[in-house]
Amino acid sequence: MGTEDKTVSRKNNNVNALELKEVTSGYSYNRPVVEGINLQVPKGGFVGILGPSGSGKTTLLKIITGLHKPWYGTVEFYHYNNGGKPVIGYVPQVESVDWTFPVTVREVVSMGIWNQSGTGPMINKVAGEKIRYVLENLGIEEYMTRQISELSGGEQQRVFLARAMIRFPDILVLDEPTSGVDYNTRETILEVLANLNEKGTTIILTTHDISGIAKRLPWLVCMNKHIVSEGPPTEVLTTENLLETYGLVDTESVGR
Ligand SMILES: Nc1ncnc2c1ncn2[C@@H]1O[C@H](COP(=O)(O)OP(=O)(O)OP(=O)(O)O)[C@@H](O)[C@H]1O
């Protein structure tokens with residue numbers, strides 16, 4: 001059975017890692033950027049969110065991670081083993097982070113486990129080993145002591161992924177994890193994510209890359225302020241859905 005079947009069947013087993021009900025939110029009064037969002041993400045699911053610039057994808061991810069609050073509606077999480085909230089790892093868009101101050105890869109990654117890694121510049125042995133393990137997994141162990149500002153976009157992207165992975169999250173949320181990276185980096189990132197998903201991590205990512213990423217994922221959500229459609233790529237990546245998602249509906253042909 002392929003990953004696709006597995007994820008789709010999980011979608012139907014009624015165990016959700018998280019569920020958004022009627023979520024509406026935004027940044028200025030009376031101008032919601034996401035509206036009436038109903039979304040269920042199954043435990044162990046791998047979900048891609050597609051939509052044009054400004055369609056509310058990042059806002060939705062921030063609502064899931066708790067960085068931005070819904071105006072209306074609720075976000076509910078599955079109660080993980082410890083009976084509490086899941087550990088959520090968040091990988092922001094690389095371009096949204098300004099690393100002008102001097103900080104090494106090792107220090108950035110250790111921020112993911114700040115309270116376990118020792119105080120200040122001292123990173124304890126266990127944390128140091130975890131950091132090395134995760135960096136090796138991502139093929140960037142040789143950058144350990146480099147300044148983050150010296151790295152390329154694709155390398156920085158993997159450092160942020162490492163920072164989120166080091167917490168061994170139950171849910172990993174990534175904002176355009178492959179934007180601006182080359183083919184090999186994209187494949188490495190996708191392979192790492194597929195392995196984490198195989199081990200049970202629930203993954204939610206946004207992407208603009210339809211052929212390189214979206215159509216290879218088991219479940220897609222198309223959004224443009226509202227959810228336009230969701231389902232497996234074969235059902236969702238239709239011309240009609242994409243035109244509606246990207247606001248390119250041919251008004252002449254529909255007689256408007
Ligand atoms: N901090 C903020 N303050 C005010 N408006 C914001 C803020 N963040 C986002 N917005 C606005 O909310 C809308 C949705 O933005 P969001 O970043 O969620 O879209 P997106 O789909 O992730 O876009 P992109 O693909 O370009 O990253 C946009 O119109 C944006 O200008």
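User: Is helix α2 (residues 57-65) largely enclosed or exposed, and how many of its residues are buried?

Analyst: Please note that this is a predicted model. A residue counts as buried if 20 or more other C-beta atoms lie within 10 Å of its own. In helix α2, seven of the nine residues are buried, so the helix is largely enclosed by the rest of the structure. The buried residues are K57, T58, T59, L60, L61, I63 and I64. After α2 comes G66, with a positive phi near 85°.

User: How many residues of strand β7 (residues 202-207) are buried?

Analyst: Six of the six are buried, so β7 is largely enclosed by the rest of the structure.

User: Which residues lie on each side of β7?

Analyst: In a regular strand, side chains alternate between the two faces of the sheet. In β7, one side carries T202, I204 and T206, and the other carries I203, L205 and T207. Each of these residues is buried, which leaves both faces covered.

User: Which strand is joined to β7 by bridges that include the partner of V47?

Analyst: Strand β3 (residues 46-50) runs parallel to β7, and five bridges join the two. V47 has I204 of β7 as its bridge partner. Strand β6 (residues 171-175) is also parallel to β7 and is joined to it by five bridges. Here D175 has T206 of β7 as its bridge partner.

User: What unit do β6, helix α6 and β7 make?

Analyst: Together with helix α6 (residues 183-198), strands β6 and β7 make a β-α-β unit, and this unit is right-handed.

Technical notes:
Residues numbered from 1 in each chain as written. Predicted model: local features only at pLDDT ≥ 70, side-chain atom pairs only at ≥ 80, totals over all residues. Buried ≥ 20, exposed ≤ 12 C-beta atoms within 10 Å, placed from the backbone. Helix = DSSP H or I, 4+ residues; strand = E, 2+ residues; numbered from the N terminus. Pairing = 2+ DSSP bridges. Right-handed = clockwise from strand over helix to strand, strands pointing away.
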